[in-house]
Amino acid sequence: MNASTPPPTAADREPRGPLDNFFKISERGSTLGAEIRGGLATFFAMAYIVVLNPIIIGTAEDVNGETLGMTEVAAVTALVAAISCVLMGAVSRYPFAIAAGMGLNAIVAYGVAPLMPWADVFLLIIVEGIVLLVLVLTGFRTAVFAAVPPGLKVAIAVGVGLFLALIGLFNAGFVQTGDGTPVQLGDGGLNGWPIVIFVLGLLVGITLYVRKVRGALLIGIAVATVSAIVVEAIFGHGENGLGWGLGEAPALPAGLRSFVSWPDFSLIGLFTEGGFNIVERWSDIGVATIVMLIFTLLLADFFDTMGTMVGVAHQGNLVDEDGNIENTREVLVADSLGTLFGGVGSASVATLYAESAAGVGEGARTGIAPIVTGVLFMLATLFTPVVTLVPFEAATPVLIIVGFMMMTQVVKVDFQDPAIGISSFLAIIMMPFTYSIANGIGFGLLAYTFVSLVTGKGRQVHPLMWIISIVFLIHFAEAPIYAVIS
């Protein structure tokens, strides 16, 4: 709505049919056309996840060195997003889209998978989804919110952003392990076509992002991928080519059929491998580690959802005079079920997307918008072979930009408060420096309780924080504890 458009009158807000009445289209000052445009805008703003999630989840190795495969992960990523978006729109009736979460998929790929087989990873996600659903239905979410200070929650998001940026730089070959130094630029310098493609993708992505072009990340990936294909066609493979990092570089598409294929949903139900004896399947990992991993996923998923929900709702003026959102419970229930779908579909943890704001910017105010987005994700399952055309060098620039987006929240951390400042600092730096998101969260929580204790503010720490800190302390001290016991 532009400045010259008069505000809707009371008559304009009267429902004009069952669909209008159910979704409150007129009541919220929207139109069916605005909802459809909003759904399209949201899809193109977040469609990059169909390419990026396979890069992270599909290529990461589990404890046995097994990978899931990019095409397979792309198919289930689009499917889970489609189902979750439609469910969110129908249940909550808000313009919130949902898909495999950035940051959360990094936790799964680089924090959980190295500890267990992929089947057990997705079983863990299902358990986390069930716990999340119980917390929502019982209203226990208020206790969880009170347990972790807001500043530390922000720091966790910032740390994940830095971790993703490091992964992007490393996977693209822009930085590598060095001789005498932890990392160095490339192989001692920035040489070769892979670096050219990476830098090109990064510059295009940044340009489109700062100019607020919708779908900037996806367009950046597309431009870099086309450039990579052209480079391969001109300069060939081997030392002069890109290497693609995933096997032989693909040939140029022969036609439309090269892009369209019946989706491979073979990963659905992977969590059933090995039966349902959870105790036996996780016995070698340790109770403390399992609790830590579930809590890590729970914390990231729960707070990410709440932050996104409040932010997008405020942008669309969907809050009351006290800043509260009507039907919050329905939103969180749909989000919890999305996490369950993500585990069953082997697509990682699904969560609300801040890119929903793109749809709100187009005028979306109801659940019709995410339903439109979900339908488009369902159509996207037919185009998953496209992900095999995308090399690391073309996709990883997005991780740098997403890392920047998450880093911008650091201004919300009160570094003048010793407990918040030190714990946030450790959480932020330990994630990239130890290449572990879980380690960063653990050190951050431990630092917060310790500093609060030594500054005489231990009583201000929520009891749940003490319990969580003890769990992390046991986890970090597992080796010496086992040594003493034995």
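A polar contact is a pair of N or O atoms within 3.5 Å; within protein, one must be able to donate a hydrogen and the other to accept it, and residues adjacent in sequence count only if both atoms are side-chain atoms. The model is predicted, with local features needing pLDDT of at least 70, side-chain atom pairs counting only at pLDDT 80 or more, and totals for chains, interfaces and linings using all residues. Residues are numbered from 1 along each chain as its sequence is written, and side-chain values use heavy atoms, leaving out hydrogens and water.

**Exercise 1.** Describe the surroundings of Ser336.

*Solution.* Step 1: Ser336 is found in helix H13, residues 328-344 (helices are DSSP runs of H or I, at least four residues, numbered from the N terminus). Step 2: Ser336 counts as buried because its relative accessibility is 0% (buried means under 20% relative accessible area, exposed over 50%, partly exposed in between, with a 1.4 Å probe and protein chains only). Step 3: a polar atom of the Ser336 side chain lies 2.8 Å from the backbone oxygen of Leu332. Step 4: apart from neighbours within four places in sequence, Ser336 is in contact with Gly129, Leu132, Leu133 and Val136 (contact means heavy atoms within 4.5 Å).

**Exercise 2.** Determine which helix supplies the largest share of the nonpolar patch.

*Solution.* Step 1: Trp193, Val196, Val226, Val230, Ile234 and Phe235 make a nonpolar surface patch of about 530 Å². Step 2: helices H9 (193-210) and H10 (216-235) each supply at least two of the patch residues. Step 3: the largest share, four residues, comes from H10. Step 4: Ile234 is found in H10 and counts as exposed because its relative accessibility is 60%.

Notes
Patches are made of residues with over 30% relative accessible area and no salt bridge: like charges are joined within 9 Å, nonpolar side chains (Val, Leu, Ile, Met, Phe, Trp, Tyr) within 5 Å. Accessible areas come from the Shrake-Rupley method with a 1.4 Å probe; for residues, only the protein chains shown count as cover. A salt bridge is a side-chain nitrogen of Lys or Arg within 4 Å of a carboxyl oxygen of Asp or Glu.
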